Amino acid sequence: MEDQNPYRSPDAVVAEISDGELADRGSRLGAALIDGIIMLVLLLPLMYVGGYWTMAMEAATAGERVGFGATLMWALIGFAAFAVVQYVPLNASGQTWGKKLLGIKIVDMAGAKPPALRLLGLRYMPWHLGSNLPFIGWLLGLVNILMIFRADRRCGHDLIAGTQVVKAR
């Protein structure tokens with residue numbers, strides 16, 4: 001009969017990290033910059049035509065900020081555009097266009113390609129929307145990004161989605 005010691009360590013199975021070589025921080029930054037430039041090229045004209053720039057200039061002239069409702073609407077539009085642009089490479093190989101160009105990819109902790117909808121829903125959406133919150137959004141985004149300096153190089157979005165970024169082979 002097994003001893004019922006309440007101080008015994010638990011018999012939990014710990015997830016193994018894949019044997020893929022972790023992507024370096026510079027590659028991850030470069031991929032994020034490439035993806036950001038792609039989105040800027042697509043969204044800036046849309047925001048101009050959609051009236052966001054006029055609204056932002058009027059608010060700035062009055063010494064105010066753009067309202068939370070308008071900010072949230074444009075955040076959702078931006079995320080929808082991101083999902084449309086990045087769905088194909090995420091679904092095919094677990095890479096955004098930037099990650100594909102720099103030879104890195106997103107995998108789950110077992111080293112397999114996660115489903116694209118899981119990546120969009122858990123890895124990208126919470127941080128995209130959270131970073132648009134008034135007053136604390138910038139802090140959430142900063143904390144998310146600075147977590148890359150952990151030993152396992154996983155940002156907050158990696159922890160939530162159960163992913164890591166490795167070199168593509």
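Where does H5 bend, and by about how many degrees? Select Tyr124: H5 bends there by about 40 degrees, and the proline Pro126 follows within four residues. The bend at a residue is the angle between axes fitted to the seven residues ending there and the seven starting there.

Before you go on, know that this is a predicted model, where local features need pLDDT of at least 70 and side-chain atom pairs pLDDT 80 or more, while totals for chains, interfaces and linings use all residues. Residues are numbered from 1 along each chain as its sequence is written, and side-chain values use heavy atoms, with hydrogens and water left out.

**Stay on H5.** Colour residues 116-130. Helices here are DSSP runs of H or I, at least four residues, numbered from the N terminus. The end C-alpha atoms of H5 are 20 Å apart, which agrees with the 21 Å its 15 residues should span; the expected span is 1.5 Å times one less than the number of residues. Buried residues in H5 include Leu119, Leu120, Arg123 and Tyr124. Buried means under 20% relative accessible area, exposed over 50%, and partly exposed in between (1.4 Å probe, protein chains only).

**Now H3.** Select residues 68-93. H3 has 26 residues and reaches 36 Å from first C-alpha to last, close to the 38 Å expected. Zoom in on Gln86 for a kink of about 50 degrees, shortly before Pro89. Gln86 and Pro89 are both on the list of buried H3 residues, which also includes Trp74 and Phe82. Another H3 stop is Ala81, buried at 19% relative accessible area. Draw a line from its C-alpha to that of Leu40: 11 Å in space, though 41 residues apart in sequence.

**The greasy surface.** Show Phe68, Leu72, Leu76, Leu133, Phe135, Ile136 and Leu140, a nonpolar surface patch with about 640 Å² of accessible area together. Patch members have over 30% relative accessible area and no salt bridge, and nonpolar side chains (Val, Leu, Ile, Met, Phe, Trp, Tyr) are joined within 5 Å. H3 supplies the largest share, three residues. Click Leu72, in H3: this leucine is partly exposed at 34%.

**Last stop, the rings.** Select Tyr52, Trp53 and Trp74, which form one aromatic cluster. Rings of Phe, Tyr and Trp (its six-membered ring) pair if their centres lie within 6.5 Å; planes under 30 degrees apart are stacked, over 60 edge-to-face, the rest tilted. Tyr52 and Trp53 have ring centres 5.5 Å apart and planes at 75 degrees, so they pair edge-to-face. Tyr52 is buried at 16%, whereas Trp53 is partly exposed at 33%.

Definitions and conventions. Patch = residues over 30% accessible without salt bridge, like charges linked within 9 Å, V, L, I, M, F, W, Y side chains within 5 Å. Areas by Shrake-Rupley, 256 points an atom, 1.4 Å probe, with all protein chains shown as cover. Salt bridge = Lys/Arg side-chain N within 4 Å of Asp/Glu carboxyl O. Helix = DSSP H or I, 4+ residues; strand = E, 2+ residues; numbered from the N terminus.
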